[in-house]
Amino acid sequence: MTLIEATDMEAIAIGGAVYGTGGGGDPYLGKLLAQRAIREHGPVRLIDIDELDDDDLIVPVAMAGAPAVMLEKLPEIGPMIAALRSLEALLGKKAKAVMSIEVGGLNSTIPFSIASATGLPLVDGDTMGRAFPEIQMTLCTLQGIAASPLALADEKGNALTMNTISNAFTERFVRSITMDMGGSCCMAIYPMTAAQARKALVHGSITMTQRAGQALFDARARHLDPVAELVRVTEGFCLFKGKLSDVQRTTDGRFGRGVAQLQGLDDYAGQRLQLLFQNEFLMARTDDAVLCTTPDLIVLVDLETGEPITAEQARFGLRAAVLGLPCVPAWRTPQAIALVGPRYFGYDHDYKPVEQTVMDR
C-alpha cells in the first residue's frame with residue numbers, strides 16, 4: 001500500500017495527460033478536486049490488486065462526455081458518490097475498492113477524490129493503459145466482463161441504473177443519456193470481482209503515470225531536455241517536431257473530432273504532419289507515411305517544457321513534439337485491433353506497431 005498525498009497529485013495529473021493521448025478530458029480539474037478531497041478527508045490508499053480477496057467488489061468510477069463539455073461543467077464529488085451508491089444498492093453489495101477505468105485524462109485523477117471521500121482504497125491499475133473514446137474499449141470487454149449493471153448521476157440530483165445486453169449497447173445508451181444530462185455525467189461502471197480484475201487490468205498504471213509526471217519535473221530541475229526524458233521514461237519514440245499551423249475541430253456533444261496540422265521544425269523542416277483525433281489522437285501521418293495509429297499512444301507535448309497538450313488545447317503557433325508510445329501487449333491481439341484499431345474509426349489503414357514504423361523510416 002502507498003499513501004497518496006495532495007502533493008503527489010501534481011505528477012499523477014501530468015502523467016495522466018501524457019497517457020490521455022490528447023483526450024480523456026483535462027486531468028487538471030480532477031487533480032484540483034482530488035487535492036481538495038485529500039486535504040479534507042485524508043490521503044488515498046493506493047493498493048495492489050493482490051491485496052484484495054478474489055470475491056471483493058471493485059467499481060471503476062469515471063466521467064463520460066465530450067472533453068469540451070467537461071471544461072465547461074466542472075466535476076463534482078457528489079454525483080460520483082451518488083452513482084457509486086446507486087450501483088451498490090442495485091448489486092446488494094458494497095465496494096471494497098474503486099478503480100480508474102482509464103489511466104489517461106480526467107479519469108486518471110477523478111477516482112482519487114472518490115477514494116478519499118469514501119475511505120475506500122484505489123487499485124493501482126486501469127482497464128486501458130491509456131484513454132479511449134468509447135466505453136466498450138476496455139480490456140474488460142476482451143475478457144468478457146460486462147460494463148453493466150452501471151449507474152449514472154448528474155449534478156442536478158438525477159441518478160439511474162442500467163442493464164444492457166452488450167458493452168457496445170452500453171456505449172450507445174450512455175452517450176444518449178449523457179446528452180440529456182447536459183453533455184457530461186458521472187458513472188460507476190464495470191463492477192467486477194478482484195479475481196476478474198486480475199485478468200483485465202493494466203497492473204501498476206497509476207504508478208506509471210506518476211513516474212512519467214515526475215520525470216518531467218526532474219528534467220526541469222536538472223535542466224535536461226524534458227521531451228527526451230519523457231521518451232526515455234515511457235519507452236516511446238519522438239516521431240515529429242513542428243509548429244501547429246491549423247486545427248479543425250467539431251463537437252457533437254459526444255466527441256470532439258478533428259485534425260491538427262503541424263509544419264516541421266529542425267530535422268523535420270519541410271515536412272508536414274497530421275494528427276487525426278476523436279477525443280484522443282488516433283493517427284499521426286505525414287504526406288507519405290503513417291507514423292502511428294491507435295491502439296499505440298500518440299502524445300502531443302510542448303517542445304520546450306514537455307507539458308502534454310490535449311486536442312482541446314491545441315492551437316495555432318504552438319511548438320510541439322509528437323511522441324509514439326507502444327500500447328500494452330494485450331491491445332495487439334486480432335480481437336483487440338478489431339475493437340480499437342484504425343479501421344474501427346474509419347481509417348483505411350491496417351495497424352502496425354509504432355516501433356516497426358520507426359524502424360521502417
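## Terms and basis of the model

A nonpolar core is a set of buried Ala, Val, Leu, Ile, Met, Phe, Trp, Tyr and Cys residues joined through side-chain atoms within 4.5 Å. Buried means under 20% relative accessible area, exposed over 50%, and partly exposed in between (1.4 Å probe, protein chains only).

The structure is a predicted model, in which local features need pLDDT of at least 70 and side-chain atom pairs count only at pLDDT 80 or more, while totals for chains, interfaces and linings use all residues. Residues are numbered from 1 along each chain as its sequence is written, and side-chain values use heavy atoms, with hydrogens and water left out.

## Overall form

The protein chain has 12 helices and 18 strands; these are DSSP runs numbered from the N terminus (helices: H or I, at least four residues; strands: E, at least two). Along its principal axes, the C-alpha trace spans about 60 × 45 × 35 Å. For 361 residues, a compact globule would have a radius of gyration near 21 Å, and the 19 Å of the protein chain agrees with this. That radius is taken over C-alpha atoms, and the globule rule is 2.2 Å times the number of residues to the power 0.38.

Buried residues make up 59% of the 361 residues. Of the contacts (heavy atoms within 4.5 Å) with a separation of 6 or more, 73% are between residues 24 or more positions apart.

## The nonpolar cores

The largest nonpolar core holds 98 residues, of which Ile58, Phe112, Val123, Tyr190 and Leu323 touch the most other members. Strand E3 (residues 57-65) gives the most to this core, with 7 residues. Apart from it lies another core, of 23 residues, among them Phe281, Cys292, Leu300 and Val322.

Not counting residues up to four places away in sequence, Leu323 touches residues including Val227, Phe237, Leu297 and Val301.

## Helices H4 and H5

Helix H4 (residues 77-91) and helix H5 (residues 110-118) pack at an angle of about 75 degrees, with their axes 10 Å apart. H4 is therefore roughly perpendicular to H5, a term for angles of 65 to 115 degrees. Axes are lines fitted to C-alpha atoms, for helices over the stretch in contact, and angles run from 0 to 180 degrees between N-to-C directions.

Ile77, Met80, Ile81, Leu84 and Arg85 of H4 meet Ile110, Ser113, Ile114, Ala117 and Thr118 of H5.

## Ala34

Ala34 lies in helix H2 (residues 27-41) and is buried, with a relative accessible area of 0%. Leaving aside neighbours within four places in sequence, Ala34 is in contact with Met9, Thr109, Phe112 and Ser113.

Notes
Angles under 35 degrees count as roughly parallel, over 145 as roughly antiparallel, 65 to 115 as roughly perpendicular and the rest as oblique.
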